[in-house]
Amino acid sequence: MIDDHHEELAALHALDLLEGAERTQFEQALARDPALQALVLSLRDTSAALAHLAPAVPPPPGLKHRVLASIDALEKNDPAPDNVIRPAPAVFRLSRMIPWAAAAALVVCSAWLGSRYLAVRVEADLARKEQKLTELTLQSSQQQLEAERIIARRRAENAQQQIATAGTQLETTRALVAERDRLLAEARTQTAERDRLIAEARTQLTTREREIAILTQRIDIFTGAAEEIGRKLGEAQQQVARLTFELKSQGDLADFKITTLASLLKNSPQALAVAVWDPGKQEGVLKVEKLPALLANQDYQLWIVDPQYPNPVDGGVFTVDPKTGEARRKFKAKQPVGAVNAFAVTLEQKGGVPVAKGPFVLLGK
Amino acid sequence: MSISIPCFPDGLFHAVAEQESASPWRGRGRMTPPASTGSPPPDNRQHIDARLMQRVAQGDRQAYGDLYDRFSGPLLGAAQLILRDSAEAQDVMHDAFVTIWEKATTFEVGRGSAFSWAVTLVRNRAIDRVRMRRRRAELLADSVLSDLGYAEVATESTGSESAALGDDARAVRAAVATLPAEQKRALELAFFGGLTQEEIARKLSEPLGTVKARIRRGLLKLRESLALRP
């Protein structure tokens, strides 16, 4: 049983691919193992068949003649190997062979001597050829050694040059590496500084965000408070306006002079009048009831008694409804009135008079 | 099918003498009978080749001529594919066939086919020449490895092939065509390129173990396919 390893070695051996110790060891195994020998032989035949993969080339006719001429030359130098089986000579009767035997012996001796002479000459020739071959082999070996020496020297020179180039490249590479290391260190420092700045910025940003949140809350609170204040302010303003109006109204009313005029007529004691005077506006309202009807050439005339003047100030004329004796009219003083002591109504000629002349109809303080 | 065959890197090959000393036909004396190896009997073609080789060992020039006619086409094709130079390929063919005449007595039928032996002789000489050529080229080119060109591997039989060998060629090409591409590539590089295991691995950008396994599986499968042919 041949294992895979020896089978592989046999295949490699069949293709002459084994060398050195591997070949020696395999050949030792091969010598001991007939089955391995048979395998190698069959694989050699198989590998030899690979020659058929090459396209067959018809040999030129001259080649065969050249081969035959060469073996002819060999035959002349070495006519027959010693162990070549040659046809046996014919056998003759001894009695008839004696004379011939003598002659033959002579011929044989001559032939032997001749053949010895030829053999010696051939041996000498072969020796010369071997010497020539040896010289050629030696010359070839010397040339091969010289070639190998030249190749080795050139390889060594190339190797030295490559080592020098590699050394230069190594120095350059080291310098580049150092420069890159320095740049890398700088970059790391810058990166650390930037990281620190970024951290600080983040902290500040966080603080600002927190402050903004607080301020936003405060703004919200203030906004609510402002709205409340605005609302309250509006209410207060409304209240102030109302109070102002009320105060003003109260002030106006307080300043007003309201006087009831009583009748001074005997024939119309029910006659009555009310006069209201607004000192601010310097005007007033008079309302009378149950005054006697006037003649066509008569008017009632209102007078305003102001102590700063010697005579009552003219308040204008008016008429009454003849049927009801009522009248209501606004009046203005002909002169500025400072204080009102009393109002009076007189009966005057139509159109009135500058200074009262007729009788007093109504009087009130 | 086509493959590209690289040039032969430096220091690849054993000397021809070393290769031949490792061959299974060395030092066996003239025409020993076939040894029993347990392998199946050779087919008709191998049998005819073996008979011719026996006659060549006895100095039969007619048999030698017949053997030359049978082998020269594929062998010259292989040599030319390896060397990419027809004149050098013919020189290799000449040397190999002279060696066949000289060493025919060492051939043992049971130690492999006659064709296989002839292929080994031609291939070793061709690869050795490529190595020497590369030595000179390397010296001139300041030891820079460079591909010297590529050659096409045949997929179809050509008209120049003999009828008998044409059958073999067709069978081999059909069997190789069934291999996975990576196995085929590894075998072609190993056979025609003459690269070492490590160089094949670098050429294929694969781990060394992978390349070894591909060569093993490819060669075993090829052997199986060729054994099954009618």
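**The interface of chains A and B**

In this predicted model, 60 residues of chain A are in contact with 78 residues of chain B, contact meaning heavy atoms within 4.5 Å. Local features need pLDDT of at least 70 and side-chain atom pairs count only at pLDDT 80 or more, while totals for chains, interfaces and linings use all residues. Residues are numbered from 1 along each chain as its sequence is written, chains are lettered from A in the order in which they are written, and side-chain values use heavy atoms, with hydrogens and water left out.

The size of an interface is often given as the accessible area lost when the parts come together. Here that buried area comes to about 6300 Å², with carbon and sulfur atoms giving 62%; the figure is the accessible area (1.4 Å probe) that the two parts lose on being put together, summed over both.

As for charges, 7 salt bridges are counted between chain B and chain A, each a side-chain nitrogen of Lys or Arg within 4 Å of a carboxyl oxygen of Asp or Glu. One salt bridge joins the side chains of B:Arg123 and A:Asp16, at 3.2 Å from N to O.

On the side of chain B that touches chain A, the elements giving two or more residues include α3 (61-83), α4 (86-103) and α5 (114-140). α3(B) gives the most, with 13 residues. That side of chain B divides into 36 nonpolar, 22 polar and 20 charged residues, where Ala, Val, Leu, Ile, Met, Phe, Trp, Tyr, Cys and Pro count as nonpolar, Asp, Glu, Lys and Arg as charged, and the others, Gly among them, as polar.

Now for the chains themselves. Chain B has 9 helices and 0 strands, while chain A has 5 helices and 8 strands; helices (H or I, at least four residues) and strands (E, at least two) are DSSP runs, numbered from the N terminus. Of the 230 residues in chain B, 53% are buried, and of the 365 in chain A, 25%, buried being under 20% relative accessible area (1.4 Å probe, protein chains only).

Notes
Buried means under 20% relative accessible area, exposed over 50%, partly exposed in between (1.4 Å probe, protein chains only).
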